[in-house]
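The sequence and the structure are shown first.

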Amino acid sequence: MQDILEAIMAAEGSAQPERELAGLAGLPVPESYRGVVVRAEDTRMFDGMATRDKDPRKALHVQEVPTPELGPGEALVAVMASAINYNTVWTSIFEPLPTFKFLQRYGRLSELTRRHDLPYHVVGSDAAGVVLRTGPGVTRWKAGDEVVAHCLSVELEDAAGHDDTMLDPQQRIWGFETNFGGLAELAVVKANQLMPKPRHLSWEEAASPGLVNSTAYRQLVSHHGANMKQGDVVLIWGASGGLGGYATQMALNGGAIPVCVVSSPEKAELCRKMGAELVIDRTAEGFRFWKDEETQDQDEWRRFGERIRELTGGEDPDIVFEHPGRETFGASVYVAKKGGTIVTCASTSGFLHQYDNRYLWMHLKRIVGSHFANYHEAWQANRLVALGKVHPTVSKTYPLEQTGQAAYEVHRNAHQGKVGVRCLAPADGLGVRDTALRARHETAINRFRGH
């Protein structure tokens with residue numbers, strides 16, 4: 001592994017980094033590597049505890065694991081950096097169910113997928129790094145290519161997947177519903193998960209957009225989601241967070257009018273730094289949409305709607321970008337404009353949504369479920385990053401050994417934007433190839449740092 005890292009580091013400052021990296025093809029593949037895992041033996045450790053009290057630091061372990069054999073259409077990537085997503089938090093607290101159920105189901109599919117059904121699960125659904133090897137049938141990528149990985153793992157043997165790969169019956173999220181994920185020194189991906197690493201970004205910056213940026217693109221921009229257009233008023237919950245930070249940028253970049261909902265003055269300021277003008281600090285303004293655990297407060301829905309109209313000059317949201325779920329969904333359905341769209345994923349505050357259907361059916365609103373993105377959508381989202389149109393939202397990074405702490409911060413919502421993890425990268429700031437493009441966007445790239 002040290003030889004691999006030294007070969008990658010030799011590209012730093014080189015006039016021909018591609019030539020340096022091509023030498024990786026001649027290095028042996030390590031028999032094992034360090035990965036962040038949850039263990040099947042630990043799945044009952046949090047039984048009886050409230051979700052908020054479950055501690056990812058107790059369940060996530062860094063351990064040496066065997067390097068799996070590559071199958072057809074796969075690639076082995078030396079992971080320089082990864083990032084924390086909410087699915088890793090769910091995995092670490094074994095909610096809504098232990099991910100070993102996913103691995104067992106996948107393992108029954110074929111002899112090849114049986115590799116994934118193990119008593120440990122290498123987690124992580126983001127990665128930036130360098131291709132080490134490719135399996136049979138891979139022609140687009142080769143050893144030495146600098147890449148990022150999106151997290152859609154799909155078999156594409158069923159006709160249902162060929163209109164929209166997210167509808168494939170064997171669609172899974174890599175590192176969550178499959179093994180050998182990105183929070184590790186090596187990762188196994190399907191070759192059609194790979195995309196070019198944005199050349200002006202460091203490893204940790206390039207790793208951070210993957211899952212959330214692609215998710216936001218499908219949810220907000222794609223015709224499979226809200227199909228946002230210029231001039232749309234878009235209400236964005238958690239607008240400075242991992243998912244909302246990209247939705248805010250896409251709304252601004254696409255000519256829409258974001259109304260950013262946040263929970264602190266610091267988060268409000270981050271939204272303004274991104275260029276948003278209409279911001280609601282729901283904590284400062286005292287919005288509480290539930291009277292108690294069982295009863296929502298429709299007066300608060302109305303007050304919230306009035307506040308939005310006050311900011312927009314009397315307009316209701318064309319699109320509500322929903323991901324908190326239970327806590328906010330009733331208000332989201334209420335405030336969307338007549339004929340508007342509530343597009344939803346994640347449900348980080350709870351999966352069981354309650355809303356008053358009169359405000360949906362009588363006002364001809366739509367609820368659209370959105371889950372990650374297909375390869376085309378992920379590629380387009382990555383292209384926006386590579387062009388400097390959308391920027392990473394990394395606030396802080398941790399070394400691989402402290403992944404548990406990084407996941408804990410995301411679980412406790414004690415973070416802004418994305419929390420990165422350095423896997424093989426020994427420090428932040430490495431891997432930048434296009435310094436001129438970076439210089440033009442340096443302020444935007446770093447606006448979340450230190451928050």
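E442 and R438 both belong to helix α15, where four residues, about one turn of the helix, separate them. Helices (H or I, at least four residues) and strands (E, at least two) are DSSP runs, numbered from the N terminus. The two residues form a salt bridge in which the closest N and O atoms are 3.3 Å apart; the term denotes a side-chain nitrogen of Lys or Arg within 4 Å of a carboxyl oxygen of Asp or Glu. E442 is partly exposed at 31% relative accessibility, whereas R438 is buried at 12%. Here buried means under 20% relative accessible area, exposed over 50%, and partly exposed in between (1.4 Å probe, protein chains only). Through shared partners, salt bridges join E204, E205, R422, D428, R438, E442 and R449 into one network.

The model is predicted: local features need pLDDT of at least 70 and side-chain atom pairs count only at pLDDT 80 or more, while totals for chains, interfaces and linings use all residues. Residues are numbered from 1 along each chain as its sequence is written, and side-chain values use heavy atoms, with hydrogens and water left out.

## Other salt bridges

The structure holds 31 salt bridges. One of them joins the side chains of E12 and R433, at 3.5 Å from N to O. This pair links distant parts of the chain, 421 residues apart: E12 is in the loop between α1 (2–9) and α2 (17–22), and R433 is in the loop between β18 (418–422) and α15 (435–445). E12 is partly exposed, with 26% relative accessibility, while R433 is buried, with a relative accessible area of 14%.

A further salt bridge connects E111 with R114, with 3.1 Å between the closest N and O atoms. E111 is exposed at 58% relative accessibility, and R114 is partly exposed at 48%.

## Domains and their interface

The chain is divided into domain 1 (1–213 + 373–446) and domain 2 (226–369); these bounds come from an automatic or database domain assignment. The domain centres, taken over C-alpha atoms, are 30 Å apart. Domain 1 gives 19 residues to the contact and domain 2 gives 14 residues, where contact means heavy atoms within 4.5 Å. The area buried between the two domains is about 1400 Å², with 59% coming from carbon and sulfur atoms. Buried area is the accessible area (1.4 Å probe) that two parts lose on being put together, summed over both. In domain 1, W90, V212 and Q416 lose the most area to domain 2, together 36% of what that side buries.

Across this interface the rule finds zero salt bridges, but it does find five residue pairs in polar contact (both at pLDDT 80 or more). A polar contact is a pair of N or O atoms within 3.5 Å; within protein, one must be able to donate a hydrogen and the other to accept it, and residues adjacent in sequence count only if both atoms are side-chain atoms. On the side of domain 1 that touches domain 2, the elements giving two or more residues are α4 (86–93), α7 (210–221) and α13 (375–386).

The buried residues are N87, T88, V89, W90, T91, S92 and I93. They pack against β1 (32–39), α3 (56–59), β4 (120–122), β8 (172–173), α7 and α14 (403–411).

After α4 comes F94, whose phi is positive, near 60 degrees. The peptide bond from E95 to P96 is cis, with omega near -10 degrees. Most residues other than glycine have a negative phi, and most peptide bonds are trans. P96 lies in the loop between α4 and α5, and T99 is placed in the loop between α4 and α5 (100–107). T99 is buried, with a relative accessible area of 2%. Apart from neighbours within four places in sequence, T99 contacts V38, T91, H121 and F176.

## E64 in strand β2

E64 is found in strand β2 (residues 61–66) and is partly exposed, with a relative accessible area of 47%. Its side chain makes a polar contact of 2.7 Å with the side chain of S32. A polar atom of the E64 side chain also lies 3.5 Å from the backbone nitrogen of Y33.
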